[in-house]
Amino acid sequence: MKNPFYVYGYKSSEYFCDRIEETKRLKDAIVNGRNIVLLAARRMGKTGLIQHLFHQKEVKSDMFVFYFDIMNTTSKEDFVNQFANAIVGTFSSTSKRLFNNILDYFKRFNPVVSFDPLSGVPSLELQINSDVQAKSSIIEVFNYLEKLNKPVCIAIDEFQQITNYEDQSFEAFLRSHIQHLKNVNFIFSGSQQHILTDMFHSYSRPFYMSSDFLKLERINKEEYAKFIVEKFEKSKKEIDINEVYKLLDWLDVYTYYVQNFFNKLWFISSKKVDEKAIDQAKQYIIDEHDFIYSNLSNLLTTVQYNLLKAIALEGKVEKPTSKAFIDKYKLGTTSTINSAVKTLIEKELVWKENGIYKVYDIFMQKWFEARFKV
């Protein structure tokens, strides 16, 4: 039997939990010609939601859809290559004619085409030698997509990354051309919510008020619990729903960590999940990450590491600079803690949710608990 708890990639709606309202809102926006910003903490499931949307009947059959992630891009040239690969990869699996057409479009950039030896999926590298070439290639692709016989939706993940490019005019360049497209709409998604909010809600920014907004919250706990029990039952296994609720609380109902943990628990357990199997799965998580998390003390200053450990042991911290918290964990002065908090947030080791500071990585928090909590 296949493990029903997928950690990476999208398989089908059968293995996708809930998100009915969120899917509807995304679909309503793109079908009706509106751009939309999708905000979510990292690993909350935004990429899976976009893929789920793209597999909806009305979207899959009536639109061309493209997804690309620009998290690791550092320039507009990288952006162009990621964009080109998204289009080439999609057309290679749907239409030979469109695949050849788009390659012709890129001919003047001397494209180097290669194919993955396992999947056969093509990848493309364009030889872009100037600012003019980079921008003109984007304009040409927009013009090409604008003329297709079906509406187009382009999902750009971690869109806030463009604010880190050396060319600070790139944001305005994109907006100036996107606003004139009638056949192409966009989903701008990202995890650095304060940057995206500023990009689309600040009067001085090019994308001001140009898109709808959707904030992705946690999956409803009751729906998630029913989904998990059902997946165990369908694979001839049994798990008590009350235990599922406890584990969801333990995992803060955080999508990636829930999927990962229950993937392991399903594999470890026999016909009925018992306390021993749950303890084994928890220990598996701790042991699996021990080498990585043990090295944190070498990557952070003493103050930063001690603060990270303290927040992990507390679970939730409202005021990390309070005297009671600092004294309890012997953290030092208020000024050094303020600086350490800022650094940990920048490194995405800690995040602030509804006024509460938490360790970003749930498994890291559990590792600290297991190693240091008395």
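Biologist: Let's start with C153: is that cysteine buried or exposed?
Modeller: C153 counts as buried, because its relative accessibility is 0%. Here, buried means under 20% relative accessible area, exposed means over 50%, and partly exposed is in between, with a 1.4 Å probe and protein chains only.

Biologist: Before I go on, what am I looking at?
Modeller: This is a predicted model, in which local features need pLDDT of at least 70 and side-chain atom pairs count only at pLDDT 80 or more, while totals for chains, interfaces and linings use all residues. Residues are numbered from 1 along each chain as its sequence is written, and side-chain values use heavy atoms, leaving out hydrogens and water.

Biologist: Thanks! And C17, buried or exposed?
Modeller: C17 counts as buried too, with 6% relative accessibility.

Biologist: How many disulfides turn up?
Modeller: Searching the whole structure gives 0 disulfides, where a disulfide is a pair of cysteine sulfur atoms within 2.5 Å.

Biologist: Switching to helices: how do α4 and α5 cross?
Modeller: The axes of α4 (residues 76-94) and α5 (residues 96-105) come within 6 Å and cross at roughly 150°. That makes the two helices roughly antiparallel. Angles under 35 degrees count as roughly parallel, over 145 as roughly antiparallel, 65 to 115 as roughly perpendicular and the rest as oblique. The axes are lines fitted to C-alpha atoms, for helices over the stretch in contact, and angles run from 0 to 180 degrees between N-to-C directions. Helices (H or I, at least four residues) and strands (E, at least two) are DSSP runs, numbered from the N terminus.

Biologist: Which residues meet there?
Modeller: From α4 there are I87, V88, F91, S92 and T94, which meet K96, L98, F99, I102 and L103 of α5. Contact means heavy atoms within 4.5 Å.

Biologist: Now α8, what are its buried residues?
Modeller: In α8 (residues 193-201), they are L196, M199 and F200. Looking down the axis of α8, these buried residues fall within an arc of 80°, so they line one face of the helix. The arc is that of the directions from the helix axis to the C-beta atoms.

Biologist: And what covers them?
Modeller: The cover includes β1 (36-39), α7 (170-178), β6 (184-190) and β7 (212-215).

Biologist: I'm curious about K135. Where is it, and is it buried or exposed?
Modeller: K135 sits in helix α6, and K135 is buried, with a relative accessible area of 16%. Setting aside neighbours within four places in sequence, K135 is in contact with K76, D167, S169 and F173. K135 and F173 are 38 residues apart in sequence and 8.2 Å apart in space, C-alpha to C-alpha.

Biologist: What about T73, where does that lie?
Modeller: T73 lies in the loop between β2 (64-69) and α4. T73 is buried, at a relative accessible area of 2%. Not counting residues up to four places away in sequence, T73 touches D78, F79, Q82, Q161 and Y165.

Biologist: Last topic, phi angles. What is the phi of E158, and of K330?
Modeller: E158 has a positive phi of about 55° although it is not a glycine, and K330 has a positive phi of about 50°, again without being a glycine. Most residues other than glycine have a negative phi.

Biologist: Where do I find those two, and is each buried or exposed?
Modeller: E158 is in the loop between β5 (152-157) and α7, and E158 counts as buried at 4% relative accessibility. K330 is in the loop between α16 (323-329) and α17 (334-346), and K330 counts as exposed at 70%.
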